[in-house]
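The sequence and the model come next.

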Amino acid sequence: MTNKNDSERVKKAVKIATKAHEGQFRKTGEPYIVHPLAVKKILEEWGMDEDTIVAGILHDTVEDTELTLDDIKKEFGESVAFLVDGVTKLSTARNGMRDIDTYLPATKDNFLRLMIALGDDIRVLIIKLADRLHNLRTLSALPPDKQKKIAKESLEVFAPLADRLNMGLLRTEMSDLAFKYVNPRRFEELKSMIDKYNRSAEKSLKKIEDEISAALKKEKIKFTVSGRVKSVYSLHKKLAKHDQNINEIYDLIALRIIVDDITDCYLTLGVIHSLYTPMGGRIKDYIAKPKLNGYQSLHTTVITKDKRIVEFQIRTKEMHEYAERGLAASFYYNEQKVTENYKKGKIEHLPTNLLWIRDLQTTAARLREGKKVDLKKLKLNLFADKIFVYTPKGDIIDLPAGSLPLDFAYRLHSEIGDHVVGVKINGKMSNLNKKLEQGDIVEILTSKNQTPKSSWLDKIITPHARQKLLHRLHKNGADGRA
Ligand code: MN
């Protein structure tokens with residue numbers, strides 16, 4: 001059950017969890033402890049810190065066994081107890097919704113909000129993702145309606161979350177596992193399409209690999225090269241964007257080249273372009289301009305001598321690590337290098353909009369060094385383009401950054417939007433031109449006698465509110481009441 005490399009603390013957690021889950025079984029027929037142990041293994045593969053691994057082993061105990069949060073705090077300390085509590089809250093909040101038939105998509109937003117509200121410590125989400133991954137891997141044991149529901153939720157909530165954290169491997173595995181249950185026929189169809197394509201391309205791909213290798217050696221660039229197989233779900237999504245025309249999918253076959261440093265990335269790009277013809281408009285420099293989730297790489301699509309279209313992805317080892325394991329990799333790196341560069345605050349592969357990850361790393365480092373950390377400070381900033389504001393009753397409403405009070409009002413209800421006379425922000429009277437900010441408490445004042453004004457169109461940024469307002473203005477106009 002335990003590995004010989006496990007620390008005493010991890011061994012103790014396994015012992016306690018095994019005892020607590022004794023007599024419980026999974027739908028697969030196996031003893032329940034198989035599940036937390038699988039979660040442990042996933043978290044280890046992701047390179048997570050010990051507290052997270054211990055919490056992963058214990059993640060179902062408080063909800064499903066006699067063990068209490070106090071017991072966990074006594075045995076494993078505050079930090080582990082905090083994590084287990086977070087995971088428990090996430091799942092109990094979901095259980096409350098379990099019986100609602102219209103679970104999706106109405107609750108998709110709710111669930112995201114819930115995660116934001118509860119996931120003060122990003123590691124709670126990482127444990128939840130590991131938990132979900134194992135549940136997906138063993139989904140066949142559940143009845144079909146549950147399979148569909150869990151699969152759908154994974155596609156709509158968890159896989160995008162993994163993407164937001166740039167956990168590429170996880171996103172791919174999760175979405176393919178889930179898509180298989182959501183749309184089995186389409187899955188098989190696309191899978192055999194990809195297999196067929198790969199088989200037909202195998203030989204020429206080998207030749208391209210050889211050509212590139214020879215050219216890079218000549219330039220004395222150190223590299224490794226490998227083919228990457230496109231995932232079924234990402235092909236599905238791409239085909240939907242391109243009218244199901246497979247000839248417009250240019251990254252069906254891709255080669256990944258990993259080199260030592262950024263200079264070599266650009267040199268390699270030059271080597272590739274001197275061998276093959278680059279396709280116009282297909283060169284993407286995600287090194288200079290990383291994706292929102294921090295992903296970095298150079299992409300180029302070329303036409304080879306035998307008229308094949310091949311995409312190349314060029315990146316450093318660090319970028320590769322980060323692309324595959326994302327946020328988890330940052331914990332890993334932290335462990336690896338409580339080092340010179342790290343101490344100097346130099347983590348070149350983090351774009352400014354992901355600086356929160358650095359904060360996270362700093363905090364993780366402090367935790368590991370046994371220093372005290374204010375966990376409240378580990379606020380999530382996963383949705384940089386969104387703000388979360390509160391109603392006076394504490395409901396969380398997410399809006400695009402830059403939203404105004406009327407956007408908020410129409411989001412609550414069009415009846416509220418139509419009758420706005422004023423707004424209080426954080427308890428103070430404000431005006432309708434005031435941009436809402438992260439964490440504001442917004443109270444909308446209404447009057448039955450108020451009617452919507454066309455001047456309000458300038459005080460709205462969300463399409464939803466605009467549509468509601470236009471609809472009402474039009475209706476009032478047509479009725480001759482405006
Ligand atoms: Mn679980």
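Tyr410 is buried, with a relative accessible area of 1%; buried means under 20% relative accessible area, exposed over 50% and partly exposed in between (1.4 Å probe, protein chains only). The model is predicted: local features need pLDDT of at least 70, side-chain atom pairs count only at pLDDT 80 or more, and totals for chains, interfaces and linings use all residues. Residues are numbered from 1 along each chain as its sequence is written, and side-chain values use heavy atoms, with hydrogens and water left out.

Tyr410 sits in helix H17 (residues 405-412); helices (H or I, at least four residues) and strands (E, at least two) are DSSP runs numbered from the N terminus. Beyond its neighbours within four places in sequence, Tyr410 has contacts (heavy atoms within 4.5 Å) that include Pro452, Trp456, His464 and Leu469. Leu469 is 59 residues away from Tyr410 in sequence, with 8.3 Å between the C-alpha atoms.

A manganese ion has protein donors 2.2 to 2.4 Å away; donors are N, O and S atoms within 2.8 Å of the metal (3.2 Å for Na, K and Ca), and sites may look incomplete because water is not among the atoms.

| Donor residue | Donor atom |
|---|---|
| His35 | NE2 |
| His59 | NE2 |
| Asp60 | OD |
| Asp131 | OD |

Along the chain, the donors follow the spacing H-x23-H-D-x70-D. His35 lies in helix H2 (residues 34-45) and Asp131 in helix H8 (residues 122-137), so the pair ties together parts 96 residues apart in sequence. Both His35 and Asp131 are buried.

The chain has 19 helices and 11 strands. Of its 482 residues, 47% count as buried.
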